[in-house]
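Colleague: I am new to this structure and should like to learn how to read it. May we look at it together?

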Amino acid sequence: MLQFTEEKLGQAEKTELDAHLENLLSKAECTKLWTEKIMKQTEVLLQPNPNARMEEFVYEKLDRKAPSRMNNPELLGQYMIDAGNEFGPGTAYGNALIKCGETQKRIGTADRELIQTSAINFLTPLRNFIEGDYKTIAKERKLLQNKRLDLDAAKTRLKKAKVAEARAAIWAEEVTKSEQEVRITQSEFDRQAEITRLLLEGISSTHAHHLRCLNDFVEAQMTYYAQCYQYMLDLQKQLGSFPSTFLSNNNQSSSTPVQSVSTPSVLASASASLPSVSNSIVTSGISELRSSSGSRKARVLYDYDAANSSELSLLADEVITVYSIPGMDSDWLMGERGNQKGKVPITYLELLN
C-alpha cells in the first residue's frame, strides 16, 4: 500500500510492463468496453421496454422463467381481431381488421423467434465473455499489479539497504536479505506476467468467436425481416382494395380530386420494386390486349370494391372478360361480368391464355 501511495506521489520508481503486454491489456480493455456497449444496445433493440428488460434480468438471476406475455405486435393483432369481430367479419372494415390482426400476430411470433435466436447465438456468448473470460483476465491483472508492487517495494528496500551499507549503518546480511527478496518477487512477477499474457492472447480467439456469433445474429435478422416482408406482401395482396373501400365508406363523390390518385396506380408503382408481385401483374398479354380490339379472360387476384359507378367491383378468383378502349388510363381495363361492366385495375388481374 505504501509503495502504491509513493508511486502516486511520484516518490517511488515503478517497474514498467513490456510493450507487448501493455498492448494486450489495452486490447482486452477495448474489447470489454465495446462488447458491453454492443450487448446492451442489442438488448434495447430486441426489447425496447426497460421494465420488461429489468423483469427478464431479475428472473434470470433467480434462475426462473419469466411469465409469458404478448409482445406489442401480438397485442396490436389481438386488438385488431377483436375489433374486426365486433364490427362484423362480413363488413369490409371488419374483415380487413381481422386480416391485419392475424398478420400482426404472425409478426409477433417472428419477433419472439428473433429474440430467442439472438439471445442464444449472440447475446449469451458476449455475456459469457464479460462475466467469465474477462473477469478471469481482470483477476489475473489485479494479481499482476500486486506482484509488481511487491517487486518495486523490494527494490526500494534493497536500494535503501545499499545506501545504509555504504554508510556502515547496517550489516551486510541485511543487503543480502534484500537482494534475495528482490529475486523472489521478480520471479513471482515474471511468472504472473506470463500467466496474464497467455490469457490476454486469447482475446484474438474471442474476436474470432464473436465474429461467428455476429454472423448468426445477422442471419437471424435477415430471416426475421424476410418473414415480415413476406407477411406484409401477402397482406397487401389481400387488402389491395382497402383504400377504395375507405374512400367510398367516407362518402367521397366520383368528382372529388382524391379519386384521381387511384389505388392501382400506387400498387403498380410499388410493384416495380417487388418482383414476386410484378410477375403476375405486368405481363406482355396486357400490351397485346391494348394494341388489339379483342377481349381476354382474366382471373381476379384480390377483392376490389368499386369507388364509383364507373368501376366494377371484383371478387377474388372469379373470371371476367376484359378489354381496352381508346384513351383509357394505362392502369385500367374495361371489365365485364354478365350484364355488368366497368373499369377494373390491371393490378388485380391475371390474364388467362
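Colleague: Which residue stands opposite Glu336 in E4?

Modeller: In this predicted model, Glu336 faces Lys341 of E4.

Colleague: How many residues lie between E3 and E4 in their hairpin?

Modeller: There are 2 residues between the two strands of this hairpin. In the turn, Gly338 has a positive phi of about 65 degrees.

Colleague: In what order do the strands of the open sheet run?

Modeller: The order is E4-E3-E2-E1-E5, 5 strands with antiparallel pairing. At the edges are strand E4 (340-345) and strand E5 (349-351), each of which pairs on one side only. From one strand to the next, the twist averages 40 degrees.

Colleague: Over how many bridges do E1 and E5 pair?

Modeller: Strand E1, residues 295-300, is joined to E5 over 3 bridges, again in the antiparallel sense. Here Arg299 is the residue opposite Glu350 in E5.

Colleague: Let us turn to the helices. What span does helix H7 reach from its first C-alpha to its last?

Modeller: Helix H7, residues 203-238, reaches 52 Å with its 36 residues, close to the 52 Å expected at 1.5 Å a residue. Its buried residues include Ile203, His210, Phe217, Tyr224 and Leu235.

Colleague: Are Cys213 and Cys228 buried or exposed?

Modeller: A residue counts as buried when its relative accessible area is under 20%. Cys213 has 4% and is therefore buried; Cys228, at 11%, is buried as well. Both belong to the buried residues of H7.

Colleague: How many disulfides does a search of the whole structure find?

Modeller: A disulfide is a covalent bond between the sulfur atoms of two cysteines. The search of the whole structure finds 0.

Colleague: Why is Glu194 classed as partly exposed?

Modeller: The class lies between the buried limit of 20% and the exposed limit of 50%. Glu194 has a relative accessible area of 36%, so it is partly exposed. Its place is in helix H6, residues 172-201. The C-alpha atoms of Glu194 and Leu144 are separated by 9.6 Å, although the two residues are 50 residues apart along the chain.

Colleague: Where does pLDDT stay under 50?

Modeller: Where pLDDT is low, the predicted coordinates should not be read in detail. Here that concerns residues 242-283, where pLDDT stays under 50 and the model has 52 contacts beyond four places in sequence. The protein chain averages a pLDDT of 81, and 78% of the residues score at least 70.

Note on methods. Residues are numbered from 1 along each chain as its sequence is written. This is a predicted model: local features need pLDDT of at least 70, side-chain atom pairs count only at pLDDT 80 or more; totals for chains, interfaces and linings use all residues. Side-chain values use heavy atoms; hydrogens and water are left out. pLDDT is the predictor's confidence in each residue, from 0 to 100. Contact means heavy atoms within 4.5 Å. Two strands pair if DSSP finds at least two bridges between them. Helices (H or I, at least four residues) and strands (E, at least two) are DSSP runs, numbered from the N terminus. Axes are lines fitted to C-alpha atoms, for helices over the stretch in contact, and angles run from 0 to 180 degrees between N-to-C directions. Buried means under 20% relative accessible area, exposed over 50%, partly exposed in between (1.4 Å probe, protein chains only). A disulfide is a pair of cysteine sulfur atoms within 2.5 Å. The expected span of a helix is 1.5 Å times one less than its number of residues.
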